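The following exercises are to be worked through with the sequence and the structure at hand. Each task is followed by a solution in steps.

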Amino acid sequence: MIKLEKVSKIFGTGAAGLSDINLVIDKGEFVFLVGHTGSGKTTLLRLLIREMLPSEGTIFIGDLDVVALPQQKIPHLRKKIGVVFQDLKLLMDRTIFENVILPLEIIGFKKEEAAKRVEELLEQVGILEHRDKFPVQLSGGEMQRAAIARALTLSPDILLADEPTGNLDSKTAFDIVELLSKINQNGTTVIMATHNLDLLKKYAKNRVIALEKGKVIRDQKHAKEEHSAEKKVEEKSQETKEQSKREPVTKIEKPEKKGEKK
Ligand SMILES: Nc1ncnc2c1ncn2[C@@H]1O[C@H](COP(=O)(O)OP(=O)(O)OP(=O)(O)O)[C@@H](O)[C@H]1O
Ligand SMILES: [Mg+2]
């Protein structure tokens, strides 16, 4: 579980990145973080991985107190959270295979096991055939896939993807979200920052957290279900009105059926 309480971030320049954010994101959720440019999406993601500290407030990832975390425990936090950065941060002088294997090399994984894991990951994200190419030799969508594979190398509990569909055409963008969705179905919590509101229409079941000027202005869980629930209530009240026209007011209402799911 990710929990932010009264989190604010004021930069040295005086710019307010975030102000008074309260959020709980459960394990296994797939959340879209939306908002105009400058609304605080990247700031929020950077706070979660302790790339910087908030000016105020507390952040918990599971039982890890992110703000109070001693420097030497930051790698432990970063193992739990894979990140696809807005600018990808792929190393241009290394092949895709070398980029993805790097986190495993750093923690001293056995070479053969690491290579096997990387091949599995590249297969999973659909770019195994490009393993020996350099990032500049890939398309935008393929590069995103490489960055996603690298973010998953250490099997994180949480995947943060910052505008992963930024420069992609709509079909490729949709494929990337499908990939993230599959990763989420395997149990990883996914938070995806995006401007692309068209995508949200296709994923109306996902939670959408909207930021504006550093504040949460909307937090909508399962938009479609809420919408249909609202519709049912509307329909029901319409029915009741019509019934009350026809029936005497003294009529005893039937008890609601139990065990019905919304
Ligand atoms: N390092 C920094 N120093 C000063 N101000 C910053 C810094 N990083 C971000 N900001 C400011 O904080 C606000 C939020 O920025 P942030 O990068 O989080 O927005 P964003 O929602 O990710 O935007 P985009 O959609 O363009 O990526 C902006 O006003 C920005 O100028
Ligand atoms: Mg950003």
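A residue is buried if 20 or more other C-beta atoms lie within 10 Å of its own, exposed if 12 or fewer, and partly exposed in between, with C-beta atoms placed from the backbone. The model is predicted, so local features need pLDDT of at least 70 and side-chain atom pairs count only at pLDDT 80 or more, while totals for chains, interfaces and linings use all residues. Residues are numbered from 1 along each chain as its sequence is written, and chains are lettered from A and ligands numbered from 1 in the order in which they are written.

**Exercise 1. Two loop residues**

Determine whether Glu-163 is buried or exposed, and where it is found. Then treat Lys-213 likewise.

Solution. Step one: Glu-163 is found in the loop between strand 7 (158-162) and helix 6; helices (H or I, at least four residues) and strands (E, at least two) are DSSP runs, numbered from the N terminus. Step two: Glu-163 has 21 C-beta neighbours inside 10 Å and therefore counts as buried. Step three: Lys-213 lies in the loop between strand 9 (207-212) and strand 10 (215-220). With 14 other C-beta atoms within 10 Å, Lys-213 is partly exposed. Step four: consider the backbone. Most residues other than glycine have a negative phi. Phi of Glu-163, however, is positive, near 55 degrees, and phi of Lys-213 is positive too, near 45 degrees.

**Exercise 2. The chain as a whole**

State how many helices and strands the protein chain has, and what percentage of its residues is buried.

Solution. Step one: the protein chain holds 8 helices and 10 strands. Step two: of its 262 residues, 30% are buried. Step three: two residues are in contact if their C-beta atoms, placed from the backbone, lie within 7 Å. Among contacts with a separation of 6 or more, 65% join residues 24 or more positions apart. Leu-33 is buried, with 26 other C-beta atoms within 10 Å. Not counting residues up to four places away in sequence, Leu-33 touches Lys-41, Leu-44, Ile-191, Met-192, Ala-193, Ile-209 and Leu-211.

**Exercise 3. Helix 1 and ligand 1**

Identify which residues come nearest to ligand 1, and explain why helix 1 is described as largely enclosed.

Solution. Step one: there are 14 residues around ligand 1, and Phe-11, Thr-37, Lys-41, Thr-42 and Thr-43 come nearest; a residue is near a molecule or strand if its C-beta atom, placed from the backbone, lies within 6 Å of it. Step two: helix 1 (residues 41-48) gives the most to this shell, with 3 residues. Step three: 6 of the 8 residues of helix 1 are buried, so the helix is largely enclosed by the rest of the structure. The buried ones are Lys-41, Thr-43, Leu-44, Leu-45, Leu-47 and Leu-48. Step four: just after helix 1, Arg-50 takes a positive phi of about 60 degrees.

**Exercise 4. The packing of helices 5 and 6**

Describe at what angle helix 5 and helix 6 pack, and how far apart their axes are.

Solution. Step one: helix 5 (residues 140-152) and helix 6 (residues 170-185) pack at about 15 degrees, with axes 10 Å apart. Axes are lines fitted to C-alpha atoms, for helices over the stretch in contact, and angles run from 0 to 180 degrees between N-to-C directions. Step two: this angle makes helix 5 roughly parallel to helix 6; angles under 35 degrees count as roughly parallel, over 145 as roughly antiparallel, 65 to 115 as roughly perpendicular and the rest as oblique. Step three: Gly-141, Gln-144, Arg-145, Ile-148 and Leu-152 in helix 5 meet residues of helix 6, namely Thr-172, Asp-175, Ile-176, Leu-179 and Ile-183. Step four: Ile-183 in helix 6 is buried, with 22 other C-beta atoms within 10 Å. The C-alpha atoms of Ile-183 and Leu-152 are separated by 9.2 Å, although the residues are 31 apart along the chain.
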